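Please read them with the structure open.

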Amino acid sequence: MRELEGGAAGFAFASGMAAITAVLQLFRAGDRVLISSNVYGGTYRVLDKVFQRFGLDCGIVDTSDLDALEAAITGDVRAILIESPANPLMTVTDIAAVAALAKRKGILTIVDNTFMTPYLQRPLALGADIVIHSATKYLGGHSDLVAGLAVVKDAALAGRLAFLQNATGGVLGPFDAFLLIRGIKTLAVRMDRHVENAEQIAAWLAGNEAVARVHYPGLKDDPGYAVNRRQAKNGGAMIAFALKDDYDYRTFFKSLKLISLAESLGGVESLACHPATMTHASIPRELRLKVGISDNLIRLSPGIEAAEDLINDLDQAIKASKEA
C-alpha cells in the first residue's frame, strides 16, 4: 500500500476504525480536528463519544466550500479529515486545494480514500499527509476480512504513527493480511467492473421518475463532477439516491431480491444500505438532516454482477415501494 499510494510508510490495522483511531492519537488534548460534514458515522462517533472525553475536539464543516473551511480553521485546529467522495452523499472535496490551504496554516490533511482506492485516486500525490482505508471494503473485495490501512507521506510523521501502532497494538492478523494481499491482486479488474456497473445504474436512476435525486460524481450534472474529474480516474462505484415522498424506502429494502441489505460495501456482491439507521445512526437526527442525510436516502454499492440484473432488481423494488 505504501507503493500504491506513493507514501513513505504503510501500516496495517485490525480495522478501518483502528487505523482512524491510531491517526487521531497523533493529536493531544486541546487540539481540534475538522471533519467533512458527511463522513462515515463511525468517524464522527469516535471523535464525539471517545476522543472528546480526552480533550480532542472536532468541528464539522462543508469541506467542499473552501471559504467556509478556511473560516473554520481556528488557532487550535491541527488537522482536516476529509472523505472524497464523502459517505454517504458522495460530496466531492478538492483534495489539492484543501491540502494547499492546510499547508499554509501549518496543519495536516488526512484523507479517507476507502471509496476510491489508490486505483482511482491518490491523495498523497495531491498533497495530503495521511491516507486511511477501511480495507474491509474494496481492497479486500470479498466481504471475508476486516482490516484497516494508513499510508503516511512524511518519514518523520510515519515514525510517530509507527510508535502509536506498536504502543496500542491494533495490528492486522497474519491470515487477514494474506487475504488482503489476495484482494489487492485483483483490485484493478474488480474496480473496472464496479465502476462500469455504477455508471449504468446511476444513469438509469437519474432517469427514473421515482427518484428525487441521485448522488454520483460520475454524472455530468453532479455538483462535484468537475473537481472529481481533475483528481480521480472516474466517479467511483458508490451511489446514493433518494426516493420521492410517495415511495416507502422500507418496502424498497424488503423487496430487493438480488441486492442484499447490509452496512458494508466494496465486495463483489451488491449491497444496499439505509444510512439514517445503519452507517450514520450514531449521528443525531437533527445533524443528519442538516447535512442532507434524509430518511429516504439509500446508499448502493454495486457489485460485479450483470448490470442488467441489478437494474431489474432495483426497478421491481422501486415499483413495489410505490404507496397506494
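**Backbone and fold: points for the file**

1. Thr 117 is buried, with a relative accessible area of 0%. The cut-off for buried is under 20%, so Thr 117 qualifies. Thr 117 sits in helix α6, which covers residues 117-120. Its phi is near 65°, a positive value in a residue other than glycine. Most residues other than glycine have a negative phi. Keep in mind that this is a predicted model.

2. Ser 143 is another entry under positive phi. Its phi is about 55°, and Ser 143 is not a glycine. What is its setting, buried or exposed or in between? Ser 143 is partly exposed, at a relative accessible area of 43%. That value falls between the 20% and 50% cut-offs, hence the label for Ser 143. The residue belongs to the loop between β6 (130-134) and β7 (148-152).

3. Now the cis peptide bonds. Most peptide bonds are trans. The bond from Ser 84 to Pro 85 is cis, and its omega is near -5°. The bond that joins Asn 87 and Pro 88 is also cis, with omega about 15°. Where is Pro 85 placed? Pro 85 lies in the loop between β4 (77-83) and α5 (95-105). Pro 88 is found in the loop between β4 and α5 as well.

4. Strand β4 leads on to β5. The two strands pair in the parallel sense, over five bridges. Glu 83 stands opposite Asp 112 in β5. How well covered is β5 (residues 108-112)? Five of its five residues are buried, so the strand is mostly covered. Leu 108, Ile 110 and Asp 112 point one way from β5. Thr 109 and Val 111 point the other way. The residues on both sides are buried. Note that Asp 112 is among them.

5. Arg 28 is in the loop between α2 (16-24) and β2 (32-36). Its relative accessible area is 64%, so it counts as exposed, the cut-off being over 50%. Which residues does Arg 28 contact, leaving aside neighbours within four places in sequence? They are Gly 55 and Leu 56. The C-alpha atoms of Arg 28 and Asp 57 are separated by 9.5 Å, and the two residues are 29 apart along the chain.

6. Arg 230 lies in helix α10 (residues 225-231). This residue is exposed as well, because its relative accessibility is 58%. Its C-alpha atom is 25 Å from that of Ile 73. Along the chain, Arg 230 and Ile 73 are 157 residues apart.

7. Now the whole protein. The secondary structure comes to 13 helices and 12 strands. The radius of gyration is 19 Å, close to the 20 Å that the globule rule gives for 324 residues, so the protein is as compact as a globular protein of that length. Along the principal axes, the C-alpha atoms fill a box of roughly 60 × 45 × 35 Å. Of the 324 residues, 55% count as buried.

8. Among contacts with a separation of 6 or more, 74% are between residues 24 or more positions apart. The accessible surface comes to about 13,200 Å². Carbon and sulfur atoms hold 52% of that surface. The protein has 33 positive and 36 negative charges.

Note on methods
Residues numbered from 1 in each chain as written. Predicted model: local features only at pLDDT ≥ 70, side-chain atom pairs only at ≥ 80, totals over all residues. Heavy atoms only, no water. Helix = DSSP H or I, 4+ residues; strand = E, 2+ residues; numbered from the N terminus. Rg over C-alpha atoms; globule rule 2.2 N^0.38 Å. Buried < 20%, exposed > 50% of the residue type's maximum accessible area, 1.4 Å probe, protein only. Contact = heavy atoms within 4.5 Å. Areas by Shrake-Rupley, 256 points an atom, 1.4 Å probe, with all protein chains shown as cover. Lys, Arg positive; Asp, Glu negative; His and termini not counted. Charge placed at Lys NZ, Arg CZ, Asp CG, Glu CD. Pairing = 2+ DSSP bridges.
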